[in-house]
Amino acid sequence: MKKENIFYRVFGLLFPMVFYLMIQLVTVNAGYWCIIFWGRIIGKEDPLSFANSCANKNILLLNLIAALIAIPIFAHMYKKELGRGSILEKEYPWKLIGKFVWIIGFALFGLLLANYIVSFLTLFMPDFMVESYASTKGAIDNAPPLVQIMSAIVLAPAVEELIFRGIIYNRLKKMTGLMMAAVISSFMFGVFHLNWIQAPFAFVIGMLAVFIYEKYQTIFASILFHGLSNMFSILMMFWVKGNSTTTEQLSKMSMAKSLLFLILLTAFLEWMIGMIINKRVQIKEIKENEIINDYDSML
């Protein structure tokens, strides 16, 4: 009976992630066959080559469609999780909305911290690990700017936060406690990206997203944090392209020392903003005050 219980728990943790990967796979394949059909209609000599070319250029758009399909499904699953004892979104003290501004700074320095950590790790990664990101980078670069924005800043953060913080993290927290749940869900979030470059980046962002989710006690806060992190990442990518500088003259050791300094600096700044959020965002007090005010108004 105990083994069966463990099996169902593990299945419950893996199912949201695997189910979303299946939605992506089905959407991409459906799009591929639709392109083949369209190629035959317009008289392409080689519809398969036409489909391969179009699909490779629009893979991010197909994943965006998959996210649109998945969001209502995982939102429903998340609501069921909330019904098991967590704070319901409809009961959230939205007077706290003004304190969401602190998430902007937390997302900026969180993005920089994750980026510097990955840059440091890539110095010591073998080529096959670094090259594992090539196909993902190609899909992002080939997508139109609007698709990049909608996918990276709006839809991907929404569906991924619903899956990894809203469902998987909440399920893990009931099984292992807060810290272990944060580590495991963030590790799963890293593995989900299926390449060695994004995995450590996603792990760091996942850990920070858990902090935001716990402090604000709403999935909207972690979605905002995730979306802002991706937005700053895109802005940084465009800035680097326009202001490329050579680092060939720097030794690996010099770059490692510089990156370690930047990691420590951004970690300190992130910690400072985290302390401000920890002090200023007090949901329980606001909810208690609302209850007292409601009682006073009844009298």
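Trainee: Where do I start with salt bridges, and how many does the structure hold?

Mentor: Look for a side-chain nitrogen of Lys or Arg within 4 Å of a carboxyl oxygen of Asp or Glu. By that criterion, this predicted model has five salt bridges.

Trainee: Could we take one pair? Which residue forms a salt bridge with R171?

Mentor: That partner is E81, with 2.7 Å between the closest N and O atoms. Next, ask where the two residues sit: E81 belongs to helix α3 (residues 59-82) and R171 to helix α7 (residues 145-176), so this pair ties together parts 90 residues apart in sequence.

Trainee: Are E81 and R171 buried or exposed?

Mentor: Both are buried. For E81, the relative accessible area is 2%, and buried means under 20%.

Trainee: What does K174 form with E81?

Mentor: K174 and E81 form a salt bridge too, their closest N and O atoms being 3.5 Å apart. Here K174 lies in helix α7 and E81 in helix α3, so the pair joins parts 93 residues apart in sequence. Taken together, E81, R171 and K174 are linked in a network of salt bridges.

Trainee: And which side chain meets that of K173 in a salt bridge?

Mentor: The side chain of E214 does, at 2.7 Å from N to O. This pair links distant parts of the chain, 41 residues apart: K173 is in helix α7, while E214 is in helix α9 (residues 198-216).

Trainee: How does K173 count in terms of accessibility?

Mentor: K173 counts as partly exposed, with a relative accessibility of 27%. E81, by contrast, is buried.

Notes
Residues are numbered from 1 along each chain as its sequence is written. This is a predicted model: local features need pLDDT of at least 70, side-chain atom pairs count only at pLDDT 80 or more; totals for chains, interfaces and linings use all residues. Side-chain values use heavy atoms; hydrogens and water are left out. Helices (H or I, at least four residues) and strands (E, at least two) are DSSP runs, numbered from the N terminus. Buried means under 20% relative accessible area, exposed over 50%, partly exposed in between (1.4 Å probe, protein chains only).
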